[in-house]
Amino acid sequence: MKHLIATSLCAALAIGLCACGEEGDKAAAKAKEVTNSAANAAKDVASSASEKVSELQSAAVTNATDMYNAAKAKVDELASRVDSQAEPLKSSLKSGVESAKSQLASVEKKLGELKTAAADKWSDLSAELTEQIGKLNSSVSDLMSKLK
């Protein structure tokens, strides 16, 4: 029974659409126009979102590069100051300097990953890099305080 009613409704709709003729064509053309307009709007939104993500990633890379360069300068200064110390202080701080240099190498590697990261990865990498640089800066500060 349900199938008979559904079939009857479909047949009535088909007859009605055929009878509409020109009006049906106009409605179909309008529907196509609206569909195309919606598709274009969706493409514009996707493109705009992609551009924004690219801008954010670029800003994150620039910021991370600046933080890396500042940390590298601190590590270089630390190494220079430790080298100019007399023994036994110099020897006691050498391992700390080597550890800081190792941390700096890890930060540099993570920065390289960030620069080439896919859109779905760069945010996490940026957070990891910021955390690594924070730890490195703390290590350098601790070692510098022993020099004063």
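**Helices, burial and a cis bond**

Reply: From the N terminus on, the elements run α-α-α-α. This is a predicted model, in which local features need pLDDT of at least 70 and side-chain atom pairs count only at pLDDT 80 or more, while totals for chains, interfaces and linings use all residues. Residues are numbered from 1 along each chain as its sequence is written, and side-chain values use heavy atoms, with hydrogens and water left out.

Me: How many helices and strands does the chain have?

Reply: The chain has 4 helices and 0 strands. Both are DSSP runs numbered from the N terminus: helices are H or I with at least four residues, and strands are E with at least two.

Me: Why is Lys-110 called buried?

Reply: Buried means under 20% relative accessible area (exposed is over 50%, partly exposed in between; 1.4 Å probe, protein chains only). Lys-110 has a relative accessible area of 15%, and therefore counts as buried. Lys-110 lies in helix α3. Of the 148 residues of the chain, 21% count as buried.

Me: Which residues is Lys-110 in contact with, leaving aside its neighbours within four places in sequence?

Reply: They are Leu-125, Glu-128, Leu-129 and Gln-132, where contact means heavy atoms within 4.5 Å.

Me: What makes the peptide bond between Glu-87 and Pro-88 cis or trans?

Reply: Its omega is about 0 degrees, and the bond is cis. Pro-88 is placed in the loop between α2 (22-83) and α3 (89-115). Most peptide bonds are trans.
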